[in-house]
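Please open the model in a viewer and keep the sequence panel at hand.

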Amino acid sequence: MEQISGVPARAAALALLQAVLWRGEPLDRAIERAFRKLDAPADRGLARAIVSGVLRHLPDLDALIDGATRKPLPDDARARMVLRMALVQTILLETPPHAVIATALPLLEGGPRRLAHGVLSTLLKQGASLPSPPTLPALWALRWQAWGEDVVAAAAAGLGAEPPLDLTLRDAGETAVWTERLGGTSLMPGHVRLARHGRIEALPGFEEGAWWVQDLAASLPARLLAPKPGESVADLCAAPGGKTLQLAAAGARVTALDISENRIARVRENLARTGLSAEVVAGDALKWKPPAPLDAVLLDAPCSGTGIFRRHPDVLHLKSARQIGELVRMQAALMDHAFAMLKPGGRMLYCVCSLERDEGESQVAAFLSRTPWARAVPVEAGELPAGLMPNPEGFVRTLPGHLDAEGGLDGFFMARIARD
């Protein structure tokens with residue numbers, strides 16, 4: 001049962017949800033501002049749990065609320081948001097009903113408290129419940145039909161489950177040591193997966209920089225780029241820096257570039273903690289040019305982010321089909337610019353954490369058709385974790401349902417391309 005923390009944690013959760021669902025702010029960007037007045041770890045944990053529950057179960061929460069009101073509340077009504085939060089606490093967090101009501105009503109000061117109280121009381125008396133797995137937002141349930149019913153079902157299951165914690169090791173030769181020390185499992189050299197964990201900073205090896213948090217799928221692009229010691233490599237759109245750390249650990253001379261000053265600060269922090277080195281640059285990847293042609297470029301392009309919904313459910317409520325079209329145009333420009341940085345014989349690894357073909361397979365096909373001096377370098381099955389296979393073109397596509405028995409992985413697309 002949840003320990004009651006009072007109104008401030010709920011107020012922070014409300015502010016976060018308003019930032020994401022009303023103003024379209026990414027959760028990671030809004031969270032620092034919303035948590036400014038929350039000092040207690042328990043309050044922060046509660047606020048996160050409420051926000052996560054609402055974002056993962058939004059269609060089903062709204063269906064409950066609409067079924068208990070004669071006239072539907074507007075989507076941007078404060079009362080609807082507070083009711084979503086209250087239902088998450090009651091159904092998912094098992095907060096006692098009296099505590100839910102006592103902490104929800106103060107959030108509606110000056111608003112329709114009687115209406116909210118009545119709706120919530122009705123739902124509690126009815127024993128309201130949420131389906132498992134949750135219902136996917138309609139846009140993505142429809143678009144992901146292109147991958148088949150099994151993928152849509154797996155995506156819904158993934159949305160409703162807490163994903164495991166993946167760690168990438170600074171030294172792949174110590175995989176067995178850290179797997180045992182952390183009590184995890186390993187799906188390939190240099191990787192450890194933990195089903196359960198406490199505070200990340202308290203785990204063995206954090207302070208000494210022996211590993212960093214990185215989904216297994218997100219670790220594959222740098223592995224497939226396979227940098228050699230001394231090679232000059234640019235990691236474009238690098239923040240938060242997991243791929244930069246991989247490239248540096250392999251001995252490459254790395255330039256990590258990202259347009260966000262705040263996000264690039266995280267790259268510097270991770271480099272300092274792990275004792276790895278790279279040149280860190282805040283700049284626009286569409287304008288930046290290296291001082292000399294490069295051996296390799298890793299382009300983790302800005303994308304819809306739909307593949308990381310397990311860890312970031314806000315992406316399912318932030319992106320639209322129109323925005324995907326805008327991103328596709330940006331990705332094409334970035335690919336052209338990044339490829340021009342390579343010396344003859346150099347290679348580029350293009351990747352996106354997206355489940356959209358337009359950002360992956362179709363994007364690369366268009367690039368290869370307009371770039372006669374570029375050729376795909378197929379990925380071999382032996383380069384991937386057991387159970388994953390490249391597609392017929394030699395590209396890698398990870399989908400909901402892949403490696404499910406081992407805890408799954410995020411949705412990614414990646415292609416390796418050489419310059420003749």
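Begin by selecting Asp 215, which is buried, with a relative accessible area of 7%. The model is a predicted one. Asp 215 lies in the loop between β3 and α11, whereas Arg 311 lies in the loop between β7 (294–300) and α14 (315–318). Display both side chains: Arg 311 forms a salt bridge with Asp 215, and the closest N and O atoms are 2.6 Å apart. Because of where the two residues sit, the pair ties together parts that are 96 residues apart in sequence. Arg 311 counts as partly exposed, at 27% relative accessibility.

A side-chain oxygen of Asp 215 comes to within 2.9 Å of the backbone nitrogen of Ala 217, at the start of α11.

Next, select the whole of helix α11, residues 216–225. How many of its ten residues are buried? Nine of them are, so the helix is largely enclosed by the rest of the structure. Among the buried residues are Leu 216, Ser 219, Pro 221 and Leu 225. Proceed to Ala 226, which follows α11 and has a positive phi, near 50°.

Now turn to the strands. Select β1, β2 and β3, which form an open antiparallel sheet in the order β2-β1-β3. The edge strands, each pairing on one side only, are β2 (191–194) and β3 (211–213). Neighbouring strands of this sheet are turned by 30° against each other on average, direction ignored. Between β1 (residues 165–169) and β3, which run antiparallel, there are three bridges.

The remaining stops concern charged pairs; the whole structure contains 21 salt bridges. Select Arg 84 and Asp 62, whose side chains meet at 2.8 Å, N to O. Arg 84 belongs to helix α5 (residues 78–91) and Asp 62 to helix α4 (residues 58–67), so the pair ties together parts 22 residues apart in sequence. Is Arg 84 buried or exposed? Arg 84 counts as buried at 4% relative accessibility, and Asp 62 likewise counts as buried at 13%.

Finally, select Asp 336 and Arg 370, which form a salt bridge of 3.1 Å, N to O. This pair links helix α15 (residues 321–339), where Asp 336 lies, to helix α16 (residues 361–370), where Arg 370 lies, across 34 residues. Asp 336 counts as partly exposed at 35% relative accessibility, and Arg 370 counts as partly exposed at 35%.

Key
Residues are numbered from 1 along each chain as its sequence is written. This is a predicted model: local features need pLDDT of at least 70, side-chain atom pairs count only at pLDDT 80 or more; totals for chains, interfaces and linings use all residues. Side-chain values use heavy atoms; hydrogens and water are left out. Two strands pair if DSSP finds at least two bridges between them. Helices (H or I, at least four residues) and strands (E, at least two) are DSSP runs, numbered from the N terminus. Axes are lines fitted to C-alpha atoms, for helices over the stretch in contact, and angles run from 0 to 180 degrees between N-to-C directions. Buried means under 20% relative accessible area, exposed over 50%, partly exposed in between (1.4 Å probe, protein chains only). A polar contact is a pair of N or O atoms within 3.5 Å; within protein, one must be able to donate a hydrogen and the other to accept it, and residues adjacent in sequence count only if both atoms are side-chain atoms. A salt bridge is a side-chain nitrogen of Lys or Arg within 4 Å of a carboxyl oxygen of Asp or Glu.
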